[in-house]
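I opened this model to look up its surface, its sheets, its cores and its salt bridges. My entries follow in the order I made them.

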Amino acid sequence: MKETLNLRQIEAFKAVVEHGTVSQAAIVLGVSQPAVSKLLSHLETDTGLSLFDRVRGKLAPSVQGMRLYEEIDRVFSGLRQVEQAVESIRRDEQRTLNVGVLPALSGSFIRRVTMQFLKTHPDVRVSIQSRGSLFLADWLATRHIDVALVGSRVDNPYIDREPLFPYPLFCAMPVNHELTRKRVVRPRDLSGLPFVSFGADSQTHELVRQAFDEADAKLNVVLDTNTAPTACEFVAAGLGVSLIHPLFAEGLQSRLVLRRFDPELQFHFQLCRVHSSRNAALVETFVEEARNVAAQVSRELLKGQ
């Protein structure tokens, strides 16, 4: 790298990626379009990277550009955590509960838990951050958050963990699918059918792939995604079937049908906190509400299964 990067170049690059055009980035940054273009040009020169491709006259982040953006976003997330820490210190952090939640649980589930918690602690300010499991585990271990709802892969000796909502994966399909007449679905039933999958690096995909391989069934992935709501929306729209944790189907009961899958592919989330938290009493109340809501959701989703 020829020159030291400056913050204004980084801000211009981040704004263009997030807002799609140089003109929109200029408006957000409060500068002219030529100024943004100049900053991008200097950034490419200083880094020696090709950060954008020109597609139909518009800038599109290149592979190198997206890799750089992901690192920048991670750094800015850390800065936002510092800002929140400063605010927490100013506002007497003892009455603030910082919650981290996996994106898959960031919808109605965390809303229900938090609303129940606030009924008994209306004076507490709750801050909810949604990130991936490894990010949340790091934040919990460094005490940036007080409690976290994460995936089952997290294994950190400084974190107390307990399973939350342990259930096998269920076969999800649109309401008019021919397999809805079955009470139990097996890999051979799904062999060759259009399948909506989670990302290849996910634990869910590993479980599904192993089950299909052992049954000598063909896994025909037509779409993969790293978010549960996206997978469920495509299944509900009729693109294909999927194997999901039943919690993902909450709120979609009228558009999705769940059927038990054999063999059982066990999956669970984890409810995590650290030893001797400064907000131990609040954390315990929140954890208890999470257990209660998980039990309620279990009964609601699996009624009649």
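**Surface and overall build**

I looked up the accessible surface of the chain first: about 15,900 Å², of which 51% belongs to carbon and sulfur atoms. Accessible areas here come from the Shrake-Rupley method with a 1.4 Å probe, and for residues only the protein chains shown count as cover. I note that this is a predicted model, in which local features need pLDDT of at least 70 and side-chain atom pairs count only at pLDDT 80 or more, while totals for chains, interfaces and linings use all residues. Residues are numbered from 1 along each chain as its sequence is written, and side-chain values use heavy atoms, with hydrogens and water left out.

I find 10 helices and 13 strands in the chain; these are DSSP runs numbered from the N terminus, helices being H or I of at least four residues and strands E of at least two. The C-alpha atoms fill a box of roughly 60 × 50 × 35 Å along the principal axes. Of the 305 residues, 46% are buried (buried is under 20% relative accessible area, exposed over 50%, partly exposed in between, with a 1.4 Å probe and protein chains only).

**Strands**

I traced an open sheet of four strands in the order β8-β12-β7-β11, with mixed pairing (two strands pair if DSSP finds at least two bridges between them). β8 (184-185) and β11 are the edges; each has a single partner strand, so one side of each is left without a neighbour in the sheet. β8 runs parallel to β12 (residues 256-261), joined by two bridges, and Val184 stands opposite Arg260.

I also checked β9 (residues 194-198), where four of the five residues are buried. β9 pairs with β10 (residues 220-225) in the parallel sense over five bridges, and Pro194 has Asn220 as its bridge partner.

**Cores**

Which residues touch the most other members of the largest nonpolar core? I get Phe109, Leu190 and Leu243, out of 60 residues. A nonpolar core is a set of buried Ala, Val, Leu, Ile, Met, Phe, Trp, Tyr and Cys residues joined through side-chain atoms within 4.5 Å. Helix α10 (residues 280-301) gives the most to this core, with eight residues. A second, separate core has 20 residues, including Val17, Val22, Leu29 and Leu43.

**Salt bridges**

I count 11 salt bridges, each a side-chain nitrogen of Lys or Arg within 4 Å of a carboxyl oxygen of Asp or Glu. Glu162 and Arg273 meet in one of them at 2.9 Å, N to O. Glu162 lies in strand β6 (residues 159-168) and Arg273 in strand β13 (residues 266-274), so the pair ties together parts 111 residues apart in sequence. Glu162 counts as buried at 18% relative accessibility, and Arg273 counts as buried at 13%.

Asp262 and Arg186 form another, at 3.3 Å, N to O. Asp262 is in the loop between β12 and β13, and Arg186 in the loop between β8 and α7 (187-190), so this pair ties together parts 76 residues apart in sequence. Asp262 is partly exposed at 36%, and Arg186 is partly exposed at 42%.

Last, I looked at Glu11 and Arg8, whose closest N and O atoms are 2.9 Å apart. Being three residues apart in helix α1 (residues 7-19), the two are separated by about one helical turn.
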